[in-house]
Amino acid sequence: MDLYKGNNLVIEGVQGKGKVLRRMGPIVYLGTFITVLFGGSTGREGAAIQMGGSVAETVIRFFKINEIDTKILLMSGISAGFGAAFGTPVTGAVFGMEMTALGKLKYEAIVPCLAASFIGHFITEKVWGVEHESFIIQSVPELSVLAFAKVIFLAVLFSFISVLYCQLRHGIHQISEKYTKKNHMLRAFVGGIIIVGLTYLVGSYEYNGRGLEMLEQSFTHDVPPFAFLAKLVFTAVTLGTGFVGGEAIPLFFIGATLGNTLYQFFDLPMSFLAALGMIAVFAAGQIHQLLPFF
């Protein structure tokens, strides 16, 4: 079923390889809400991006927009969703222009994407009064060859963790589809049971839902040393068994808590390591997810 492609379906729509489903918006909103409400480890940006693409597709079909403008409108929908979800309108615009063409910006879409992202951000923050999370780097290391070498080494390490997550998620996805014969209701039921079991096993709800409290804590205080691994498994099981949602917040969590853990072994500021991990794991995860399309 095309709906299960999620963000990939939006990418295919921009590339002209498929159609974005108009019903995707309300369905993914409800699915993400239920997933987070009942303890699934996922984020919200996936829903926001898909909802933005769904709304754009509705406008496209209603006004019968031509093919070239269709791509720009879909990219604008992605930008609006990202800007609204994270409160980062400039990043949202760049994300919308680059998400569908890895490493290549569609400069003809820069004005529409910027406008859509800023409007989405404005509506979310000023009209609805939603306050977005902020993560502050308290201090940075002094510039030196040794510091740069450490950053490069850590970036590679973070990227390996991100690839591990992606491979685990894809493996769970394939195995769950194989043994449930693509019965999505059965997949979700089994996945839910596993999440409940894992929650009792670790004895904490910190790894259910978005986990923002521990994510913020990783910038200033010690967190459990294997928190990143627990979140990695929780998220891979949640999304691998058919639940919906975004990967950005879980990837942020994995990277920041891993950086916090590595603080004991590297002479670098804690908040700097958490931020470095958050960025590197997210970037590697997104590239790994998009590579099959290019």
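**Exposure and ring pairing in a predicted model**

Modeller: In this predicted model, phenylalanine 62 counts as exposed, at 66% relative accessibility.

Colleague: Why is phenylalanine 62 called exposed?

Modeller: Exposed requires over 50% relative accessible area; phenylalanine 62 has 66%, and therefore counts as exposed. Phenylalanine 63, at 56%, also counts as exposed.

Colleague: Why does serine 218 count as buried?

Modeller: Buried means under 20%, and serine 218 has 0% relative accessibility, so it counts as buried. Serine 218 sits in the loop between α9 (212-217) and α10 (227-240). A polar atom of its side chain lies 2.6 Å from the backbone oxygen of leucine 215. Beyond its neighbours within four places in sequence, serine 218 contacts residues including Val223, Asn260 and Met270.

Colleague: How many aromatic pairs does the structure hold, and what makes the pair of phenylalanine 62 and phenylalanine 63 edge-to-face?

Modeller: There are nine aromatic pairs. Edge-to-face requires planes over 60 degrees apart; the planes of phenylalanine 62 and phenylalanine 63 are at 80 degrees, with ring centres 4.9 Å apart, so the pair is edge-to-face. Phenylalanine 82 and phenylalanine 95, by contrast, are stacked, with 25 degrees between the planes and 4.5 Å centre to centre.

Conventions. Residues numbered from 1 in each chain as written. Predicted model: local features only at pLDDT ≥ 70, side-chain atom pairs only at ≥ 80, totals over all residues. Heavy atoms only, no water. Helix = DSSP H or I, 4+ residues; strand = E, 2+ residues; numbered from the N terminus. Buried < 20%, exposed > 50% of the residue type's maximum accessible area, 1.4 Å probe, protein only. Polar contact = N/O pair within 3.5 Å; in protein donor to acceptor, adjacent residues only side chain to side chain. Contact = heavy atoms within 4.5 Å. Phe/Tyr/Trp six-rings, centres within 6.5 Å; stacked < 30°, edge-to-face > 60°.
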